[in-house]
Amino acid sequence: MDTLAHGLWGGAVFGQRKDSPYKWAFILGMCPDLFSFGPYFATHLPDIWHRWTSHQFGRPAHMMIPAYVYHAYNVTHSLVVWAVLFGIVWYWRGKIFWPLAAWALHILCDIPLHSVRFFPTPYLWPFPTPFYDGNPWAHKTFMLVNYACIGLTYLGLYVLEKVKKESFLH
């Protein structure tokens with residue numbers, strides 16, 4: 001799933017409670033990709049821009065991606081690492097910080113949406129992970145259905161909020 005969609009799903013699922021700010025659920029839902037790919041994109045922006053403007057779409061060759069991106073991907077896409085982080089934050093705050101669950105949702109969504117040929121999700125890292133050969137998310141049909149579902153979800157949340165406010169006023 002693309003990074004923006006991860007953020008939108010994270011916000012919709014874990015950013016709707018009073019003690020769970022939307023902005024944090026949105027941002028934390030994107031963090032696994034931002035922390036693994038963000039530094040690479042930031043340092044290679046001219047190359048990426050050139051590929052985009054010259055219509056050279058598709059995924060880059062594995063050799064073009066530096067090793068640190070793969071390592072960061074392993075760390076940020078691990079439910080083991082997430083669970084440790086979640087536990088530390090819970091202990092430190094004295095209560096659960098629900099927006100952090102959007103990070104786990106990101107990982108869980110990536111498992112069936114990544115092929116073993118390009119960034120399979122290492123959800124058990126640092127332990128051996130049985131990779132699932134999923135259907136890559138970058139297909140147009142999936143993107144359309146996913147964003148339609150996101151739109152319907154946010155419409156439903158809006159309607160639900162309106163109904164709650166109207167019933168509270170009466």
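A residue counts as buried when its relative accessible area is under 20%. Keep that cut-off in mind as we walk through this predicted model. Cys109 has a relative accessible area of 19%, so it falls on the buried side. Cys149, at 34% relative accessibility, is partly exposed instead. As for cysteine pairs, a disulfide needs two sulfur atoms within 2.5 Å, and the count here is 0 disulfides.

Now hop over to Ser78, in the loop between helix 4 (67-76) and helix 5 (79-93). Is Ser78 buried or exposed? Its relative accessible area is 0%, so this serine is buried. Another is the backbone oxygen of Trp125, which lies 2.3 Å from a polar side-chain atom of Ser78. Beyond its neighbours within four places in sequence, Ser78 is in contact with Ile107 and with a run of residues: Pro122, Tyr123, Leu124, Trp125 and Pro126.

Two of those contacts, Ile107 and Tyr123, lead on to the largest nonpolar core, where both are members. That core has 12 residues in all, including Leu28, Cys31, Trp82, Phe86 and Trp103. Helix 2 (22-43), helix 5 and helix 6 (101-113) each supply at least two of its residues, and helix 6 gives the most, with 4. In soluble globular proteins, nonpolar side chains tend to be buried together.

Setting aside residues up to four places away in sequence, Tyr123 touches Ile107 and Ile111, along with His77, Ser78, Leu79, Val80, Thr129 and Pro130.

Conventions
Residues numbered from 1 in each chain as written. Predicted model: local features only at pLDDT ≥ 70, side-chain atom pairs only at ≥ 80, totals over all residues. Heavy atoms only, no water. Buried < 20%, exposed > 50% of the residue type's maximum accessible area, 1.4 Å probe, protein only. Polar contact = N/O pair within 3.5 Å; in protein donor to acceptor, adjacent residues only side chain to side chain. Contact = heavy atoms within 4.5 Å. Core = buried A, V, L, I, M, F, W, Y, C linked by side-chain atoms within 4.5 Å.
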